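Reader: I'm about to look at this one for the first time. Could you walk me through it, question by question?

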Amino acid sequence: MVSPHCHFDVLVLGGGPAGMVSAITASQNGLRVGLIDEQSEAGGQIWRAPWASSPQGYESPEARDGNKMRDRLALSSVTCLFGRRIWSVTDRYRVDLLGADGVETFQAPHLIVALGAHERVIPFPGWTLPGVMGLAAATIMLKAHGLAPPKDWVLAGVGPLLAAVAAGYARKGHPPKAIIDLSGPSDWFAALPSLASRPGLFKQGVGWVLSIVSSRIPIYFRHAIRRAEGQDRISACLIGPVDADGKSIDGPEVGIACDAMMVGNGLVPGGEVPRLLGADQVYRHELGGWIPECDPFGRTSLEHLYAIGDGAGIRGGAVACIAGKLAGLAAAHDAGRIDAGAFAHQSAQALAEHRKLSAFSDAMAHMIRLRPAQVASIEADAVICRCEDVTRQDLVAAARAGARDVNQLKHFTRCGMGPCQGRMCGDVAAEILAQEHRLDRQAVGYWTARPPLRPISLQSMLGRVDYADIPIPKPAPL
Amino acid sequence: MVSAFTRIVASHHALVHINVDGVDCVAPAGEPLATSLLAAGYVMLRHSPNRHNPRGAFCLMGVCQECAIHVDGQIVQACMTPVRAGMVVQLRGAV
Ligand code: FES
């Protein structure tokens with residue numbers, strides 16, 4: 001077994017905006033930084049590097065920002081460790097990776113976790129059919145791979161991503177057949193004032209609206225998918241009206257024939273690593289769910305462990321950049337590379353910017369918040385846990401049989417026990433359990449995080465293991 | 001194939017041959033396999049192990065595991081696996 005590489009002062013997990021900026025900032029302040037990401041290039045999801053076209057070929061502002069930051073990263077002294085999956089993170093701070101060349105282990109006294117969020121999709125019967133995909137998947141197809149869904153596709157869900165995907169595909173000549181928006185025009189108008197602080201985004205938003213309007217895409221406001229149908233692939237869906245809280249209400253249902261559906265209901269922070277390490281957690285509904293408790297610099301309850309970006313609360317890319325700057329400075333300060341005066345001076349501006357952006361990020365996070373009433377409206381036969389085919393009624397039965405927290409729910413039903421490790425179902429399953437017992441989310445808890453963080457084969461995990469390498473612990477004193 | 005996912009950007013990557021359940025397909029080298037399969041009209045990838053319901057790629061970012069299929073005899077996530085010339089793909093999962 002290989003001994004860990006220890007030549008870094010700080011390891012940064014995740015190459016999205018927060019991770020990139022924190023890595024660059026820390027390296028500029030004298031730290032030796034290793035930046036780790038699963039993808040072959042930095043950018044994360046929001047700045048995902050275009051793959052199909054040449055990098056200059058795509059014109060969105062995110063692509064420009066992403067390319068700029070990738071250039072800065074290339075010029076910095078950060079060591080990029082890309083194309084590697086993180087399968088274990090342990091104490092102080094050892095990170096085990098699996099890449100094309102097998103397993104590798106790194107260790108550093110400081111760890112910045114910037115692993116982002118994953119998508120929340122509120123289940124409906126038929127959402128497991130092939131051809132139904134996440135909104136985030138749609139943006140990856142659009143931004144990175146230049147792939148459009150078949151002609152008859154529908155777009156459903158909530159939040160700015162809905163508009164971005166609709167406009168993006170409309171401009172490429174592949175508009176959705178219909179947009180099913182959980183929110184109504186009044187929700188969008190309510191978010192408008194917060195855009196005043198972000199003129200660039202305001203312009204982008206106006207552009208989206210114009211593209212959508214000029215493509216004459218029918219929009220069903222305050223509607224949600226009731227079910228999807230099809231044999232080996234989605235062939236139709238049924239939509240119905242919802243109230244302001246996302247609850248299904250009586251009213252005409254509309255059937256739409258379609259070959260594909262892109263659907264998403266916001267983001268859930270992916271807090272597995274801080275959780276695995278035992279950092280204190282808190283449930284914050286307005287920030288997307290369970291997050292590590294952090295100070296303004298991203299310092300968690302564990303020494304020299306920092307959590308930033310959407311994985312530490314959904315606030316979007318612009319805030320993530322500032323959080324990256326703050327955590328990079330804090331790591332440099334905590335490692336003794338910059339003194340308290342320089343730290344205070346350099347972070348003052350970032351803290352002020354952070355405050356300025358919060359109106360906008362709060363408004364966006366509010367739009368994509370979990371609507372408990374929407375979860376309450378999920379049909380009994382809808383699959384919640386895709387891996388193990390566990391339905392809502394299975395979860396409700398387990399709750400009634402005595403499952404009080406999510407880990408008990410998991411043992412009763414296998415919900416969350418499959419290969420996605422509860423990432424797809426965790427938020428909704430916990431919400432169903434909490435509602436069933438009339439408890440708050442804090443009380444039903446979160447899945448216990450366990451390595452491996454990603455399913456990997458035992459063979460690749462062991463690598464070139466030798467029996468002589470297996471550490472034999474000293475017997476405990478009697 | 002009817003109603004396939006369509007490519008809207010001309011790729012500058014070299015096309016290579018892969019084998020999907022015995023059928024020869026071309027795909028850009030290095031593209032995530034899940035994307036290539038969608039473009040080739042393969043939307044259903046496998047069946048769920050418990051209820052044997054049809055499944056396809058869902059998240060395209062390595063989270064959902066719905067794209068876990070056999071490539072060269074090993075189960076891999078198709079959305080995280082770059083296309084290589086001569087790849088042998090079987091559209092079945094763990095069952
Ligand atoms: S499509 Fe979700 S893991 Fe590949």
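This is a predicted model: local features need pLDDT of at least 70, side-chain atom pairs count only at pLDDT 80 or more; totals for chains, interfaces and linings use all residues.

Reader: Which residue pairs with Arg92(A) in a salt bridge, and what parts does the pair tie together?

Author: Arg92(A) sits in the loop between strands S4 (85-90) and S5 (94-99) of chain A, and its partner is in the loop between strands S20 (289-292) and S21 (305-307) of chain A, so the pair ties together parts that are 211 residues apart in sequence. From N to O, the gap is 3.6 Å. The partner is Glu303(A).

Reader: How does the radius of gyration of chain A fit that of a compact globule?

Author: Chain A has 15 helices and 23 strands, and its C-alpha trace spans about 70 × 55 × 40 Å along the principal axes. A compact globule with 478 residues would have a radius of gyration near 23 Å. Chain A agrees with that, because its own value is 23 Å.

Reader: And what is the radius of gyration of chain B?

Author: Chain B has 1 helix and 8 strands, in the order β-β-β-α-β-β-β-β-β from the N terminus on. For 95 residues the globule rule gives 12 Å, and the value for chain B is close to that, so chain B is as compact as a globular protein of that length. Its C-alpha trace spans about 40 × 25 × 25 Å along the principal axes. The radius of gyration of chain B is 13 Å.

Reader: What area is buried between chain A and chain B?

Author: On the contact count, 52 residues of chain A meet 44 residues of chain B. Trp51(A), Leu147(A) and Asp389(A) supply 18% of the area that chain A buries against chain B, more than any other three residues. Carbon and sulfur atoms give 61% of the area buried between the two chains, which is about 3,800 Å².

Reader: Which residue of chain B forms a salt bridge with Arg386(A)?

Author: Between chain A and chain B the count is 3 salt bridges. In the one with Arg386(A), the closest N and O atoms are 2.6 Å apart. The partner in chain B is Glu66(B).

Reader: Which element gives the most to the side of chain A that touches chain B?

Author: Across the interface, 11 residue pairs are in polar contact. The elements of chain A that give two or more residues to this side include strand S8 (117-119), helix H3 (135-145) and strand S17 (260-264). With 5 residues, the one that gives the most is H3(A).

Reader: What is the bridge partner of Leu147(A) in S1(B)?

Author: S10(A) is joined by 2 bridges to strand S1 (residues 6-7) of chain B, and the two run antiparallel. The partner of Leu147(A) in S1(B) is Arg7(B).

Technical notes. Residues are numbered from 1 along each chain as its sequence is written. Chains are lettered from A and ligands numbered from 1 in the order in which they are written. Side-chain values use heavy atoms; hydrogens and water are left out. Contact means heavy atoms within 4.5 Å. Buried area is the accessible area (1.4 Å probe) that two parts lose on being put together, summed over both. A salt bridge is a side-chain nitrogen of Lys or Arg within 4 Å of a carboxyl oxygen of Asp or Glu. A polar contact is a pair of N or O atoms within 3.5 Å; within protein, one must be able to donate a hydrogen and the other to accept it, and residues adjacent in sequence count only if both atoms are side-chain atoms. Helices (H or I, at least four residues) and strands (E, at least two) are DSSP runs, numbered from the N terminus. Two strands pair if DSSP finds at least two bridges between them. The radius of gyration is taken over C-alpha atoms; the globule rule is 2.2 Å times the number of residues to the power 0.38.
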